[in-house]
Every structure is written in structure tokens, then in C-alpha cells.
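Biologist: Please show me the model, and then let me ask how its labels were reached.

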Amino acid sequence: MNNPDELELLSEHACFGGVQRYYRHASREIGLPMRFGIYLPPQALQGPAPALMYLAGLTCNEETLATKAGAQRRAAELGLALVTPDTSPRGADLPGESAHWDFGVGAGFYLDATEPPWNRHWRMESYLIRELVPLVVAQLAVDGDRLGIFGHSMGGHGALTLALRYPGRFKSLSAFAPICAPTRCPWGQKAFSGYLRLEMDDWAQHDASALMAAQTLPPYPAGILIDQGLADQFLSKQLYPEAFEAACAGVGQPLTLRRHTGYDHGYYFIQTFMADHLEHHHRVLNS
């Protein structure tokens with residue numbers, strides 16, 4: 001594949017009156033083939049549908065939401081398309097790339113690396129914003145004026161930071177157990193020290209709590225929804241939802257941060273509250 005605008009359909013599956021598809025294309029931003037999934041609800045057969053981009057976490061890929069989150073039934077009822085990119089570049093054959101599976105350098109973190117050797121291919125921020133979003137809007141039944149973004153863990157970090165770094169691109173925002181302050185946690189520090197210069201100002205540009213604290217007006221006046229399990233094994237040392245909560249309070253950003261006894265970090269937790277997130281986005285995107 002050489003043409004970045006050419007989508008290769010890998011598979012499609014009828015699903016709740018709509019269709020679940022998986023595509024591959026030659027990414028100009030990444031410099032490698034990239035895959036993504038899209039669920040098109042029945043309403044998309046009549047015209048462009050509002051859409052959510054879901055950013056998955058470590059060890060996941062473009063199939064994870066579709067196969068593990070139980071999202072399509074409610075998405076079909078609400079008329080929401082679901083766009084699911086892969087989490088990271090694959091196949092660059094760089095030393096340490098296999099550390100992707102241990103939150104080392106290699107995990108995508110939804111940013112553009114500035115330091116070699118990662119800066120050649122690790123351009124997930126530019127890939128999503130400058131390439132994938134325009135591509136699905138131009139070629140698939142997606143309404144570019146009604147886009148939301150959400151994600152889980154590393155993908156929750158990506159959803160929060162991209163929504164704050166590109167005001168106006170996304171109309172609605174939510175997250176499951178996001179990494180809210182990566183400059184403070186071992187996962188973020190390990191990744192940022194490989195991808196970015198050591199200056200903390202650079203790191204803060206990819207820290208959702210720092211980005212929110214720097215706002216002069218609430219960027220999402222219709223509200224942000226976050227769900228967090230209290231039995232999450234990563235809560236105390238990696239996620240820091242209280243930092244994002246404080247940053248939102250400081251700028252008057254409406255935030256619903258729900259803490260759930262007994263729920264961990266996995267997809268049983270996500271399945272339980274997925275419908276609430278889809279309904280949150282549907283309400284905002286159609287307001």
C-alpha cells in the first residue's frame with residue numbers, strides 16, 4: 001500500500017443493524033501501515049452520523065472496543081459511529097519497541113515523539129488529528145461537526161489531552177480510569193523521558209491536569225464524564241484522578257467523576273458503564 005488515502009477493507013461484520021469494519025492504510029504521518037476499526041450504526045446508511053473516537057490502553061488494538069466493551073448495541077440505538085484506531089505504531093523494528101507491553105518506551109501514549117529514534121514513527125497525535133479524523137470524515141459516513149472522544153487508561157490520557165490540545169475539534173469528552181497526571185506517575189515518566197526532551201514544560205503539554213489548570217475558561221461547558229473503579233490496582237500510583245478533579249474545579253470546568261466500589265481497571269468495569277458514556281456523548285453531540 002502506497003496511497004495514504006486508500007483504505008483497504010480487511011473485514012466487515014453485520015452488527016445490530018449496522019456494520020463493524022476493519023481497515024488498513026499506509027499512514028503518511030506514521031510512515032507505516034496503520035489499522036483502525038469503525039462501527040457504523042444503521043442510521044449511517046441514511047447519511048453521516050455523529051461519531052466517537054475511542055482510544056484504547058496498553059496491550060490493546062483497534063479491535064478491543066468492538067470485541068470487549070459491548071458498545072455496539074447502544075451505539076446502534078443512539079445512532080453513534082465508533083472509530084477505534086490502533087494504540088501505537090507497529091513493525092518499526094526499533095530496539096525496545098517490544099517494551100510496548102510493559103509501559104516502557106514503545107507504548108504510543110497518543111503524542112508525537114520529539115527524540116530519536118522514536119520521532120520517525122511515533123507520531124500518534126498527528127496521525128489521529130491530521131490524518132485519521134479527516135480520512136474517516138471524507139470517506140466514511142461520519143459527521144465531522146459532531147465528533148466526540150473517549151478512552152481508557154493510556155487512551156483516557158490521550159482523550160483528555162487531545163481534547164484540550166485541540167479546542168473545537170471534539171465536541172464531547174469522557175474517559176474510563178484515565179492516566180490524569182502522567183508527569184507524576186511512573187508510566188508517564190518512563191514514556192516521556194524516552195519520547196520527549198527532559199524539560200518539564202514539554203511534558204506538561206501532554207499532562208491533562210496541567211493542561212486543564214492552564215485554561216482560562218471551561219473548555220467543555222456541557223461537562224466531562226470520568227468513571228474510576230476504587231478496586232483499580234493502578235489507582236493510587238498511576239492514575240491521579242484527584243489531580244484532574246482539582247484542576248477542573250480551579251477553572252470552573254463541570255466534571256462528573258464517579259468512583260465505584262469494587263470495580264477494577266479492566267473491561268468488565270468498562271462494559272458496566274459504557275452505556276452511560278455513549279448517552280453522555282449523544283446528549284452533547286446532539287445539543
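**Aromatic pairs, core and pocket**

Modeller: The whole structure, which is a predicted model, holds 12 aromatic pairs.

Biologist: Why is the pair of tyrosine 23 and phenylalanine 36 called stacked?

Modeller: Their ring centres lie 5.4 Å apart and their planes meet at 25°. Pairing requires centres within 6.5 Å, and planes under 30 degrees apart count as stacked, so this pair is stacked.

Biologist: What makes this pair a tie between separate parts of the chain?

Modeller: Tyrosine 23 belongs to strand E2 (residues 18-26) and phenylalanine 36 to strand E3 (residues 33-40), so the pair ties together parts that are 13 residues apart in sequence.

Biologist: How do you know whether tyrosine 23 is buried or exposed?

Modeller: Buried means under 20% relative accessible area. Tyrosine 23 has 7% relative accessibility, so it counts as buried. Phenylalanine 36 has a relative accessible area of 0%, so it is buried.

Biologist: What makes the pair of phenylalanine 150 and phenylalanine 176 tilted?

Modeller: The distance is 6.4 Å centre to centre, with 45° between the planes. Stacked needs under 30 degrees and edge-to-face over 60, with the rest counted as tilted, so this pair is tilted. Phenylalanine 150 is in strand E6 (residues 142-152) and phenylalanine 176 in strand E7 (residues 172-176), 26 residues apart. Both phenylalanine 150 and phenylalanine 176 are buried. They also belong to one aromatic cluster with Tyr54, Tyr263, Phe269 and Phe273.

Biologist: Which residues have the most contacts inside the largest nonpolar core?

Modeller: They are Phe109, Ile149, Tyr195, Phe244, Met274 and Leu278, in a core of 99 residues. Helix H3 (residues 124-139) gives the most to this core, with 8 residues.

Biologist: What is isoleucine 149 in contact with, leaving aside its neighbours within four places in sequence?

Modeller: Its contacts beyond those neighbours include Met53, Leu55, Leu162, Phe170, Leu173 and His281.

Biologist: Where is isoleucine 179, and why does it count as buried?

Modeller: Isoleucine 179 sits in the loop between E7 and helix H5 (186-195). The limit for buried is under 20%; isoleucine 179 has 0% relative accessibility, so it counts as buried. From isoleucine 179 to phenylalanine 234 the C-alpha to C-alpha distance is 9.4 Å, while the two are 55 residues apart in sequence.

Biologist: Which residues lie nearest the centre of the largest pocket?

Modeller: Leu58, Thr59, His152, Phe234 and His265 do, out of 14 lining residues. By class, the lining has 6 nonpolar, 7 polar and 1 charged residues. The space in this pocket is about 240 Å³.

Note on methods
Residues numbered from 1 in each chain as written. Predicted model: local features only at pLDDT ≥ 70, side-chain atom pairs only at ≥ 80, totals over all residues. Heavy atoms only, no water. Core = buried A, V, L, I, M, F, W, Y, C linked by side-chain atoms within 4.5 Å. Buried < 20%, exposed > 50% of the residue type's maximum accessible area, 1.4 Å probe, protein only. Helix = DSSP H or I, 4+ residues; strand = E, 2+ residues; numbered from the N terminus. Contact = heavy atoms within 4.5 Å. Phe/Tyr/Trp six-rings, centres within 6.5 Å; stacked < 30°, edge-to-face > 60°. 1 Å grid on protein atoms, 1.4 Å probe; cavity = no way out; pocket = protein on both sides within 12 Å on 5 of 7 lines; lining within 4 Å. Points joined across faces, edges and corners; volume = space filled by probe spheres on them. Nonpolar A, V, L, I, M, F, W, Y, C, P; charged D, E, K, R; others polar.
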